[in-house]
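Student: I have a new structure to look at. Can you walk me through it?
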Amino acid sequence: MRPRFGSSKALDVANRATDLVENALIQAWHERQTPHILEQTQLALLVLLALSITSLSLGLLQKNLTTRQRKLRDSLSNAKPIELHHDWMSNFSKVKQGLKTLVPQLEKLDLIQRYSLNAFYKSVLFWTQWLLWLLGIGYLTSLFYFTRPWSNWIIGVSVRGVRGESIILGWPPRDWLLSLGREATLGTPLVILLLLLATRLTLKGGDAFCDFLAWHGSNSQSRQRDTLRATTLSKAFKGWLRASIYLLLGVTILYHLHQLGTVAQAVAIFLAFASFAFSLAAQDLLKDLIAGVLILWEDHYAVGDVIVIGDQGGLVEKITLRVTQLRNLDGELITIPNASIGMVRNLSSEWSQVNYAIEVSYSVDVDEAINLIETVAQQLYHDPQWEEQILASPEILGVENIAHTGILIRLLIKTQPLKQWSVAREFRRRLKKTFDKEGIEVGIPQQIEMYKNVDYLQSKISRHKLQNIDS
C-alpha cells in the first residue's frame with residue numbers, strides 16, 4: 001500500500017509535512033488579503049443572485065400549484081355523491097331507519113389522486129427550495145476565512161487526501177455520498193434538513209402512489225366491490241407507510257445520537273426497560289394488527305360497506321390495522337378492536353337481495369295474489385328508472401306458510417349492493433296500490449277460536465267459584 005506522504009523515510013515525510021504546512025500558511029495569508037476578499041465578495045453576490053432567481057422561480061411554481069390544489073379541493077367539496085337511504089337491521093333495538101352513505105365514484109378518486117400528486121409536486125419544490133438555500137449559505141460562508149467555521153457546521157467537513165504538496169478539499173455532501181460517509185461528515189443542519197426532506201417526500205409520494213393505485217384499480221374493474229376494496233387498501237397502505245417511515249426516522253435519530261455520544265449508558269438501560277414494558281403491553285396490539293391484516297387480505301368488508309358485528313351495526317367509515325370504525329343510524333361512531341371481531345354480517349358485498357314476504361287473507365285467491373305480486377315485480381324490473389339497480393328477474397318462491405294470521409307469500413329480488421332497501425320501498429309502494437285497486441286484503445289474525453277458549457275458561461272459573469261457595 002502506498003503511504004500517504006509518498007516515501008516512508010523519516011526525512012522525506014518531514015520535508016513533505018513542512019511543505020504542506022508552508023503552503024497552508026501561504027494560502028491562509030492570501031485569503032486574508034483585500035483583493036482576494038473583494039474577488040470572493042463578487043462571487044458571493046453572483047451566487048446570491050442565482051439563488052434568489054432560482055428561489056423566486058420555485059416560489060412561483062409553488063404558487064401555481066397552490067392555486068391548482070385549491071381548485072381541486074373545491075371540486076372535491078362540491079362533488080355530489082349518490083345518496084342511498086337504508087332500512088336495515090330492523091330487529092336491533094338501537095338502529096333506526098334512514099342511514100345515508102356515500103358511494104365512491106371514479107371521478108372522485110381521480111380528483112383525489114390528482115390532488116395528492118399535486119401535493120407531492122408542491123412538497124418537492126418546497127423542500128428543494130430549503131435545500132438550495134442551506135447549501136447556498138454553506139457555500140457562501142466557505143468563501144471567507146472568518147465565516148468558514150459556519151460552513152463546516154452547516155454542511156460538514158471533507159478531506160479527500162493529499163496530492164503533491166497540497167491538501168485536497170472537496171465538497172462534503174458529494175464526498176459523503178460517493179464514499180458512503182468515509183471521506184466526509186455532514187453538518188447538523190444539513191442532516192436535520194435531509195431527514196425532514198426524506199420523511200416528507202416519502203409520505204407525500206407514498207400518498208400519491210397509493211391514490212394512483214386506487215384510481216387505476218377502480219378504473220380497470222367493472223365491479224363496485226373492487227372499487228370499495230381498492231379505496232380501503234389505499235387508506236390502509238397509507239397508514240402502514242406512515243408507521244414504517246416514522247419507525248425508520250426514530251431509529252435513524254437514535255443511531256446518530258449514539259454516534260455523537262449523546263445516548264449515555266443510563267439512557268440506554270432506560271430505553272431497554274421501556275421497550276420490554278412496551279412489548280408486554282403490546283400483546284393485544286399485535287393481535288389487533290394481525291386481525292387487521294387478515295380482514296383486509298381476505299376482504300371481509302371494506303370502507304363503504306354496511307356490516308353487523310355482534311349486536312353492533314353500521315356503515316364502515318374507517319379500517320386500520322388496529323380498529324374498525326362504524327357509524328350507526330343514530331350518528332354514533334363505534335370503534336371495535338380488530339382482534340375482538342368474530343362473526344361479521346356484510347349486507348353489501350358483491351350484491352344484495354330483497355327478501356320480502358307478505359300475508360294475504362284466507363278469503364283471497366292464492367293464485368290471483370301470486371300473479372299480482374309477480375306482475376308488480378316484473379313491472380318494477382322493466383322500469384327504466386329501476387332496471388339498473390335490479391340484477392335479475394324477481395323470483396316468486398310461492399306459499400311460504402299458512403297460519404292463523406293468513407297465507408304467507410315470499411318474493412326475492414336480486415339488486416346492486418346497498419340498493420335492496422330503496423328497491424323494497426318502491427316495490428311495497430306499488431304493491432299496496434295494486435292490492436287496493438284489486439281488493440286484495442292482507443292477513444287478519446283469526447280470533448274466533450281464541451274467543452271460544454276465553455268463554456270456556458270463564459265458565460270453568462265460575463263453576464269453580466260456585467263449588468267453593470257450596471262447600
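**Strands, salt bridges and patches**

Tutor: Strand β7 and strand β8 (residues 323-327) run antiparallel, joined by four bridges. Keep in mind that this is a predicted model.

Student: How many residues sit between β7 and β8 in their hairpin?

Tutor: Three residues lie between them.

Student: Which residue in β8 is the bridge partner of Lys318?

Tutor: Gln325 is the bridge partner of Lys318. There is another facing pair to look at: Leu326 in β8 stands opposite Val316.

Student: Is β8 mostly covered or mostly open?

Tutor: Mostly covered. Four of the five residues in β8 are buried.

Student: Now the other side of β7. How many bridges join β6 to β7?

Tutor: Four bridges. Strand β6 covers residues 306-309, strand β7 covers residues 312-319, and they run antiparallel.

Student: What's in the turn of the β6 and β7 hairpin?

Tutor: Two residues separate the strands there. Gly310 is in the turn, and its phi is positive, about 65 degrees.

Student: And what does β8 pair with on from there, in the line-up with five bridges?

Tutor: Strand β9, residues 333-337. Five bridges join β8 to β9, and the two run antiparallel. Val323 has Pro337 in β9 as its bridge partner.

Student: Which residue takes a positive phi in the hairpin of β8 and β9?

Tutor: Gly331, with a phi near 80 degrees. That hairpin has five residues between its strands.

Student: Switching to charges. How many salt bridges does a search of the whole structure find?

Tutor: Seven. One of them is between Glu317 and Arg327. Their closest N and O atoms are 3.0 Å apart.

Student: Where do Glu317 and Arg327 sit?

Tutor: Glu317 is in strand β7 and Arg327 is in strand β8. They are 10 residues apart, and the pair links distant parts of the chain.

Student: Why is Glu317 called partly exposed?

Tutor: Because its relative accessible area is 34%, and partly exposed runs between under 20% for buried and over 50% for exposed. Arg327 also counts as partly exposed, because its relative accessibility is 27%.

Student: What about salt bridges in a helix? Which residue does Arg429 meet?

Tutor: Glu426. The N to O distance is 2.7 Å. Both residues lie in helix α11 (residues 420-438), three residues apart, about one turn of the helix.

Student: Which other arginine forms a salt bridge with Glu426?

Tutor: Arg430. Its closest N and O atoms with Glu426 are 2.7 Å apart. Arg430 and Glu426 are both in helix α11, four residues apart, about one turn of the helix.

Student: Which residues make up the network of salt bridges?

Tutor: Asp383, Glu426, Arg429 and Arg430 are linked in it.

Student: Is Glu426 buried or exposed?

Tutor: Buried, because its relative accessibility is 12%. Arg430 is buried as well, with a relative accessible area of 17%. Arg429 counts as partly exposed, at 42%.

Student: New topic, the surface. Which residues form the negative patch?

Tutor: Asp365, Asp367, Glu368 and Glu438.

Student: Where is Asp365?

Tutor: In the loop between β11 (352-360) and α10 (366-381). Asp365 counts as partly exposed, because its relative accessibility is 44%.

Student: What about a nonpolar patch? Which residues make it?

Tutor: Leu286, Leu289, Ile290 and Leu294. The patch is about 340 Å².

Student: Which helix holds Leu294?

Tutor: Helix α9, residues 283-298.

Student: Why does Leu294 count as partly exposed?

Tutor: Because its relative accessibility is 42%. That falls between the buried cut-off of under 20% and the exposed cut-off of over 50%.

Student: Remind me, which strands should I click through for the hairpins?

Tutor: Take β6 and β7, with two residues between them. Then go to β7 and β8, with three. After that, look at β8 and β9, with five.

Definitions and conventions. Residues are numbered from 1 along each chain as its sequence is written. This is a predicted model: local features need pLDDT of at least 70, side-chain atom pairs count only at pLDDT 80 or more; totals for chains, interfaces and linings use all residues. Side-chain values use heavy atoms; hydrogens and water are left out. Patches are made of residues with over 30% relative accessible area and no salt bridge: like charges are joined within 9 Å, nonpolar side chains (Val, Leu, Ile, Met, Phe, Trp, Tyr) within 5 Å. Accessible areas come from the Shrake-Rupley method with a 1.4 Å probe; for residues, only the protein chains shown count as cover. A salt bridge is a side-chain nitrogen of Lys or Arg within 4 Å of a carboxyl oxygen of Asp or Glu. Lys and Arg count as positive and Asp and Glu as negative; His and the chain ends are not counted. The place of a charge is taken as NZ of Lys, CZ of Arg, CG of Asp or CD of Glu. Buried means under 20% relative accessible area, exposed over 50%, partly exposed in between (1.4 Å probe, protein chains only). Two strands pair if DSSP finds at least two bridges between them.
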